[in-house]
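Please keep the sequence and the structure in view while reading.

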Amino acid sequence: MEFIVIIISAIFVNNVVLMQFLGICPFLGVSKKVSTAVGMTGAVTFVMILATIVTYLIQHYILNPYGIGFMQTISFILVIASLVQLVEIILKKVSPALYQALGVFLPLITTNCAILGVAIMTIQKDYNLLEAVVFSGASAIGFGLALVLFAGLREHLDLVELPKGIKGTPAALIVAGLLAMAFMGFSGIV
Amino acid sequence: MTNKDIFLRGFFKENAVFALLLGMCPTLGVTSSATNGLGMGLATTFVLIMSNLVISLVSSFIPDKVKIPSFIVIIASFVTMVDLLMAGYVPALHEQLGVFIPLIVVNCVVLGRAEAFASKNKMVPSIIDGVSMGLGFAMALTMLGAIREFFGSGKMFGVTLFNETYGMLVFVLAPGAFIALGYLIAFINRVRKV
């Protein structure tokens with residue numbers, strides 16, 4: 001039951017992108033086509049779950065026992081940066097097909113604030129390891145849901161006649177606002 | 001390029017938010033009031049100036065292969081400093097900005113300037129670049145925060161201008177951030193062209 005609440009809340013009610021404003025850069029950057037949005041979602045899900053597990057272990061077995069909690073930001077970002085590199089190298093050797101599909105998105109993930117944000121939020125919310133994994137997975141799905149929905153909307157937006165000043169990013173932002181408004185309908189269900 | 005050119009470019013011509021569309025997460029996330037926007041903008045400005053200063057001094061000693069990781073460590077140290085300083089001196093603001101303070105590390109503006117400007121230039125221009133980029137970012141955040149606060153709750157920097165019941169709540173909530181920024185960028189595009 002607890003897990004269902006975490007999942008619903010992370011995907012719909014507190015959607016990472018539309019409600020918490022994490023990962024806006026890829027949300028605006030790689031949402032021009034549905035296929036690239038799906039690829040990005042795959043890469044983000046993979047790295048987000050891995051990063052949350054590793055940062056959880058670091059926080060509870062290194063930072064807390066030695067009382068060096070102030071090193072959190074530095075150690076987390078280093079872990080995420082090296083994890084992304086590691087995943088890239090391993091994927092290249094083990095599964096070239098998957099590397100082909102996700103490859104271009106991987107370097108972009110280091111600066112995706114959703115990854116670091118979810119890792120820090122997991123610590124703040126005081127989840128245990130299993131809850132942390134569920135939370136990060138659900139957050140990644142929420143990210144993917146928003147990204148794919150938005151990419152679908154943007155594909156149609158390209159065909160619409162708009163005033164010059166509002167074409168491009170302003171129009172995309174306004175559409176994102178409407179999407180966020182739709183997601184507000186979920187508030188209160190958990 | 002003179003120092004004045006560098007300043008104007010960072011502050012207006014290549015404004016991080018309006019022209020380059022960088023650092024969107026804090027731009028949307030913390031601007032529910034003008035004070036929050038200003039606080040976040042100044043915190044980012046401090047990190048930008050200090051990281052530009054240090055990186056312009058040490059970049060010639062750093063091998064190319066580990067350039068980005070070293071930059072990230074330098075930036076993260078200053079972010080940690082800001083985080084602790086704000087928790088100590090302005091706890092209320094620190095509480096409001098929450099997770100977005102550690103997230104200055106992954107703000108593309110900071111790493112972008114380190115890589116594109118500070119690593120290739122001397123100390124003084126790098127500091128000016130940091131100041132101008134940071135203040136431009138702070139200006140954008142304060143503008144957006146003021147607009148959202150005004151329409152959402154009838155206040156400006158916490159001072160009540162009209163009764164809150166006439167405010168449009170949606171501007172303070174998440175959708176308002178996207179919509180207000182969309183129209184603000186459209187407006188700035190229009191002014192820029194004239």
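**Helix packing, interface and salt bridges**

In chain A, the axes of helix H1 (residues 2-13) and helix H8 (residues 129-157) come within 7 Å and cross at roughly 30 degrees. H1(A) is therefore roughly parallel to H8(A), and the crossing of the pair is right-handed. On the H1(A) side the contact includes A:Phe3, A:Ile7 and A:Phe12, while A:Leu130, A:Phe135 and A:Leu145 are among the residues of H8(A). By class, this contact comprises 12 nonpolar, 2 polar and 2 charged residues.

The model is predicted: local features need pLDDT of at least 70, side-chain atom pairs count only at pLDDT 80 or more, and totals for chains, interfaces and linings use all residues. Residues are numbered from 1 along each chain as its sequence is written, chains are lettered from A and ligands numbered from 1 in the order in which they are written, and side-chain values use heavy atoms, with hydrogens and water left out.

Helices are DSSP runs (H or I, at least four residues) numbered from the N terminus; axes are lines fitted to C-alpha atoms over the stretch in contact, with angles from 0 to 180 degrees between N-to-C directions. Angles under 35 degrees count as roughly parallel, over 145 as roughly antiparallel, 65 to 115 as roughly perpendicular and the rest as oblique. A crossing is right-handed if the near helix is turned clockwise from the far one by less than a right angle. Contact means heavy atoms within 4.5 Å. Ala, Val, Leu, Ile, Met, Phe, Trp, Tyr, Cys and Pro count as nonpolar, Asp, Glu, Lys and Arg as charged, and the others, Gly among them, as polar.

A second pair in chain A joins helix H3 (residues 34-66) and helix H7 (residues 113-124), whose axes come within 9 Å and cross at roughly 40 degrees. This angle makes H3(A) oblique to H7(A). Their crossing is right-handed, and their contact has 10 nonpolar, 4 polar and no charged residues.

In chain B, the axes of helix H3 (residues 34-58) and helix H7 (residues 123-153) come within 8 Å and cross at roughly 165 degrees. H3(B) and H7(B) are therefore roughly antiparallel. H3(B) passes H7(B) in a right-handed crossing, with 17 nonpolar, 11 polar and 2 charged residues in the contact.

B:Asp129 lies in H7 of chain B and B:Arg9 in helix H1 (residues 3-13) of chain B, so the pair ties together parts 120 residues apart in sequence. A salt bridge requires a side-chain nitrogen of Lys or Arg within 4 Å of a carboxyl oxygen of Asp or Glu. The count is 4 salt bridges over all chains, with 0 across the interface of chain B and chain A.

At that interface, 34 residues of chain B are in contact with 34 residues of chain A. The buried area (accessible area, 1.4 Å probe, lost by two parts on being put together, summed over both) is about 2,900 Å², of which carbon and sulfur atoms give 87%.

Methods. Helices (H or I, at least four residues) and strands (E, at least two) are DSSP runs, numbered from the N terminus.
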